[in-house]
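Me: I would like to learn how to read pockets and sheets in a model. Can we go through one together?

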Amino acid sequence: MSPHGIHHVTAFASDSARTIDFYTRVLGLRLVKKTVNFDDPGTYHLYFGDEAGVPGTILTFFPIAQAAPGRVGIGQVSETAFRVPRAAIGAWTHRFVSLNVAHEAPVSVFGETVLRFRDPDGMPLALVGVEGAEAEPAWNAEGIAPETAIRGFHGVTLLLRGAEATAAILTDVLGFAEAAREGSQIRLTSGAALGGFVTLRAVGDFLPGRQGAGSVHHIAFRAADDAVQAAMTERLSAAHGMSVTEQRDRQYFRSVYFREPGGVLFEIATDAPGFAIDEPAAELGKGLKLPPFLEPHRGSIEAVLPKVA
């Protein structure tokens, strides 16, 4: 498997309990970490993924009560897609009908069957049927048969004014290569099974995006370790003139951030140390975990956070 690809995607939501219910009960993901936004500790940071929360499976949320809805537009992620076994699309369509999940009829995109749907905040999501995915491990969620379960990310689609400069960053720095074109869409792949696709949709002049509930805040791409991340940062600066932040310790990975030429916020996150650093793998997501610098303030933090399971 390629070491490149998507590490995680982070979005905004409006209700913590509803977000947990939808992503665990409806989609069958595991809540692998319940912590706070380190830059705004009065807000949860919820991580959903597979059993261990491996890179390429993690969708995270900042739930902000009564947040205004976002709007998909230029400079934003217009769709976040998960991988499921190809034969499971029919079962998921039936599940969405039975649970009143807003969805569209399946369509073919780049030769794959895609089932588009939205979460309770209107976030655009999709399931992509992938041949052979049924042989891969999956989190055992109640009510979802193992042969239909989600197997991490397929990829993301970016809505851009133009694709060339963004494609240059993805191919020259982040380990992707162009794989196909379809209409106004360019598909890039890293070769990774999990989170291995980024699709660029160039639409020219269009409404700019507006962040809010149901919109993506940033996409994180994988770096195997600090040395690889540093080399990527150097390449971004030297070859592409990108301004990159200093490294920030996010407890479960170490990150740098930059705004790519199309306007989307990109992060490069290390694979290590992972989510089992502060709680046993069997207990992931059960307790509120805080980084050491916030632990002395646990009482005041817990007092303002909404109660969730």
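Me: How do the residues of the lining of the largest pocket divide into nonpolar, polar and charged?

Reply: Keep in mind that this is a predicted model. Rolling a probe the size of a water molecule over the atoms shows where empty space is left. Here the lining of the largest pocket divides into twelve nonpolar, seven polar and six charged residues.

Me: How much space lies in the largest pocket, and which residues are the closest to its centre?

Reply: The space in the largest pocket comes to about 380 Å³. Its lining has 25 residues, and S78, E79, R116, P124 and L125 are the closest to the centre. Two or more lining residues come from each of β5 (76-85), β7 (112-118), β8 (124-130), β9 (153-160), β11 (185-189) and β12 (197-202).

Me: What volume does the second largest pocket have, and which residues lie nearest its centre?

Reply: Its volume is about 280 Å³. The lining is made of 20 residues, with D39, F62, H218, R250 and Y257 nearest the centre. β1, β2, β3, β13 and β16 (265-270) each give two or more residues to this lining. By type, the lining of the second largest pocket divides into eight nonpolar, eight polar and four charged residues.

Me: Which strands pair with β1, and in what sense?

Reply: Strands of a sheet pair through backbone hydrogen bonds, either parallel or antiparallel. Strand β1 (residues 6-13) shows both cases. With β4 (residues 58-63) the pairing is parallel, over six bridges, and F12 stands opposite F62 there. With β13 (residues 216-223) the strands run antiparallel and are joined by five bridges; in that pair V9 stands opposite I219.

Me: Is β1 mostly covered or uncovered?

Reply: Buried here means under 20% relative accessible area. By that cut-off, eight of the eight residues of β1 are buried, which leaves the strand mostly covered.

Me: What is the order of the strands in the sheet, and why is one side of β2 and of β14 left without a neighbour?

Reply: The sheet is open, with eight strands in the order β2-β3-β4-β1-β13-β16-β15-β14 and mixed pairing. β2 (30-37) and β14 (248-249) stand at the edges with a single partner strand each, so one side of each has no neighbour in the sheet.

Me: Which strands does helix α1 touch?

Reply: Helix α1 (residues 16-26) packs on the sheet and touches β1, β2, β3 (40-49) and β4. The direction of α1 makes about 10° with that of β3.

Methods: Residues numbered from 1 in each chain as written. Predicted model: local features only at pLDDT ≥ 70, side-chain atom pairs only at ≥ 80, totals over all residues. Heavy atoms only, no water. Buried < 20%, exposed > 50% of the residue type's maximum accessible area, 1.4 Å probe, protein only. Helix = DSSP H or I, 4+ residues; strand = E, 2+ residues; numbered from the N terminus. Pairing = 2+ DSSP bridges. Contact = heavy atoms within 4.5 Å. Axes fitted to C-alpha atoms, helices over the stretch in contact; angles between N-to-C directions. 1 Å grid on protein atoms, 1.4 Å probe; cavity = no way out; pocket = protein on both sides within 12 Å on 5 of 7 lines; lining within 4 Å. Points joined across faces, edges and corners; volume = space filled by probe spheres on them. Nonpolar A, V, L, I, M, F, W, Y, C, P; charged D, E, K, R; others polar.
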